[in-house]
Amino acid sequence: MRNAVYPGSFDPFTNGHLDIVERSLRVVDSLTIAVLKNTSKKSMFTPDERVDIMREVLKKYPQVKVETFEGLLVDFCRTRNIRIVIRGLRAVSDFDYEHAIFLMNRKLLPDLETMFLMAGSDNSFISSTIVKEVAHFGGNIADQVPAIVFERMQKKKSQHTES
Ligand code: PNS
């Protein structure tokens, strides 16, 4: 069994993330999406809300699990017997950051392998940070996130404007 983890912040889960999930399922048997809890980035959804949304988006894939995690990714992998990490790469600008994470994870757990999937041209400009910002100022991001995510973002926005 090839068990892999796809770690990240996923705030929110975008079509770019969805593409990486679907393509990685061609090469792994099971995929655990690990949503980082201790993030310093300003978030739109709580980690539990993100898990809830992603479970809904990905419910047609029984081989996909979505969980939160805290602490080191390598510890998460050790306890679940996972030795493959999946990460998406959009542009050269992602490289240095991803390379640093890869090297550190490899140092901490040498038999952990990281597989990078390149974003397709449709998704290479999509980023959670930019999606959040555009949505915040009323721009249309409906074609950049799954419909369920879009609805939840709309709902979140209306809750904020009411309060
Ligand atoms: O979506 P992101 O924010 O780019 O994901 C970054 C993530 C979650 C993969 C990375 O920050 C991470 O694995 N954090 C857990 C702490 C850890 O293991 N650090 C050592 C490797 S950087």
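Which side chains meet in a salt bridge at 2.8 Å, N to O? They are those of Arg23 and Asp19. A salt bridge here is a side-chain nitrogen of Lys or Arg within 4 Å of a carboxyl oxygen of Asp or Glu. A search of the whole structure finds eleven salt bridges.

This is a predicted model, where local features need pLDDT of at least 70, side-chain atom pairs count only at pLDDT 80 or more, and totals for chains, interfaces and linings use all residues. Residues are numbered from 1 along each chain as its sequence is written, and side-chain values use heavy atoms, leaving out hydrogens and water.

**Within a helix**
- Arg23 and Asp19 sit four residues apart in helix α1 (residues 15-24), about one helical turn. Helices (H or I, at least four residues) and strands (E, at least two) are DSSP runs, numbered from the N terminus.
- Asp19 is buried at 19% relative accessible area. Arg23 is partly exposed at 23%. Buried means under 20% relative accessible area, exposed over 50%, and partly exposed in between (1.4 Å probe, protein chains only).

**Across the chain**
- Glu67 and Arg80 form a salt bridge, with their closest N and O atoms 2.9 Å apart. The pair links strand β3 (residues 64-69), which holds Glu67, to helix α3 (residues 73-80), which holds Arg80.
- Glu67 is buried at 18%, whereas Arg80 is partly exposed at 34%.
- Arg83 pairs with Asp111 in a salt bridge at 3.3 Å between the closest N and O atoms. Arg83 lies in the loop between α3 and β4, and Asp111 in the loop between α4 and β5, so the bridge ties together parts 28 residues apart in sequence.

**A network**
- Salt bridges with shared partners join Asp11, Arg50 and Lys132 into one network.
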